[in-house]
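Take a look at the protein chain below. Keep the sequence and the 3D view side by side as you read.

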Amino acid sequence: MWERLCSGSLDAKDLRERALTELRHAVPYDGYVWALTDPITRVGTAPLADIPGLAWSDLPGLIRSRYLAEGTRWTDPGNPSVWRRSESVEVLTTTFADRYGCWAWLDLWRSIPFTPEEQAFLASIAPLLTTALRQSQASTFAPAQPALSRERRPRSSESEGGPAVLLLGADLQVRVGTPAAREALQRLNPPDDPTVVAQAIPAAAYNLAAALIATENGVGVGPPWSRVHLGSGRWITLRAARTAPDANIAVTIEESTPAERLEVFALAHALTPREREILVQLSTGADSRHIAQRLVLSEHTVNDHVKAILAKTGAATRPTLLARVAGTG
């Protein structure tokens, strides 16, 4: 069953939702948090979550504590691992990572202890889910169908509404937010409760700010920035930084640069280091002869690597490949 679920073409949200449904039969749980991560920085994005009794106002504190708690995080060795959040709640954490990057983590919450058998079961299916989650990220670079017209395309993070910037306090509560920032974050992770839409800032911003605080405390999971698929093949990059020492935290949202897109594209498609190196050269417009000269390889070897890249990415030609990397085709 898990092989069948993980071999399809589900997007990351549908894959996680279906996996959670199946997982409940083998590992019953009361609540969960399943977040995607930037493959390099390992900062959480686009979480699915259902924690009974958790108020929306408590979300910033929960995320902050999650980044600061050494020994229980998705970046710590030994996952899947069980830890106790309180006297009445135990958490089973699983990390979905491979040699190409970290793609997600899952926390299952329960009022009764998890068994070693349940922990072993999650460990057994984690490799399948890791590959499926990575492939779901790769699929975001495929051409949208049908293609969106210019009028229907999502607005840029720096659109008519101005730059996308948020200011958060040390408690991660929002002090100031531009309309463009709220719009972009609302689309990333809209709250289920319509009564909090106006003031809610989705978890993507909270994760960035919490990652910055963890770094400042010497327990960072990775640098405080992440790339997120916004939809229709578009990727945005979020960054967190202090406006001044001990001051508010600024979270900015911008279109991902070509280099940022290319890195995620290459890792999600499981390109080898040499293939990634050649893809970078292709993106500059270099042909096989010039790539061979730059990398001190034979032209035949370069062409073999290009064929492998095309096969892994499902692109028929070099122009098609580069259009997908750039988001123009």
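This report goes from the whole chain to its parts.

## The model

This is a predicted model, in which local features need pLDDT of at least 70, side-chain atom pairs count only at pLDDT 80 or more, and totals for chains, interfaces and linings use all residues. Residues are numbered from 1 along each chain as its sequence is written, and side-chain values use heavy atoms, with hydrogens and water left out.

## The whole chain

The protein chain has eleven helices and ten strands. Both are DSSP runs, numbered from the N terminus: helices are H or I with at least four residues, strands are E with at least two. The chain has 329 residues, and 49% of them count as buried. Buried means under 20% relative accessible area, exposed over 50%, and partly exposed in between (1.4 Å probe, protein chains only).

The chain exposes about 15,200 Å². Carbon and sulfur atoms supply 54% of that area. Accessible areas come from the Shrake-Rupley method with a 1.4 Å probe; for residues, only the protein chains shown count as cover.

## Cysteines

How many disulfides does the structure hold? It holds zero. A disulfide here is a pair of cysteine sulfur atoms within 2.5 Å. Cys6 counts as buried because its relative accessibility is 8%. Cys102 is buried too, at 5%.

## An open sheet

Five strands form an open sheet in the order β7-β6-β10-β9-β8, with antiparallel pairing. Its edge strands are β7 (174–177) and β8 (225–231), and each pairs on one side only. From one strand to the next, the twist averages 25°. Two strands pair if DSSP finds at least two bridges between them.

Strand β6 (residues 164–168) is joined to β7 by three bridges, and the two run antiparallel. Leu168 stands opposite Val174 in β7.

Helix α7 (residues 258–268) is largely enclosed by the rest of the structure, because eight of its eleven residues are buried. Among them are Leu262, Phe265 and Ala268. The helix lies across β8 and β9 (234–242), at about 115° to β9. That angle is taken between N-to-C directions, from 0 to 180 degrees, with axes fitted to C-alpha atoms, for helices over the stretch in contact. Just after α7, Ala270 takes a positive phi of about 60°.

Gln137 sits in helix α4 (residues 116–138). Is Gln137 buried or exposed? Gln137 counts as buried, because its relative accessibility is 11%. Leaving aside neighbours within four places in sequence, Gln137 is in contact with Ala12, Leu36, Trp103, Trp235 and Ala268. Contact means heavy atoms within 4.5 Å.
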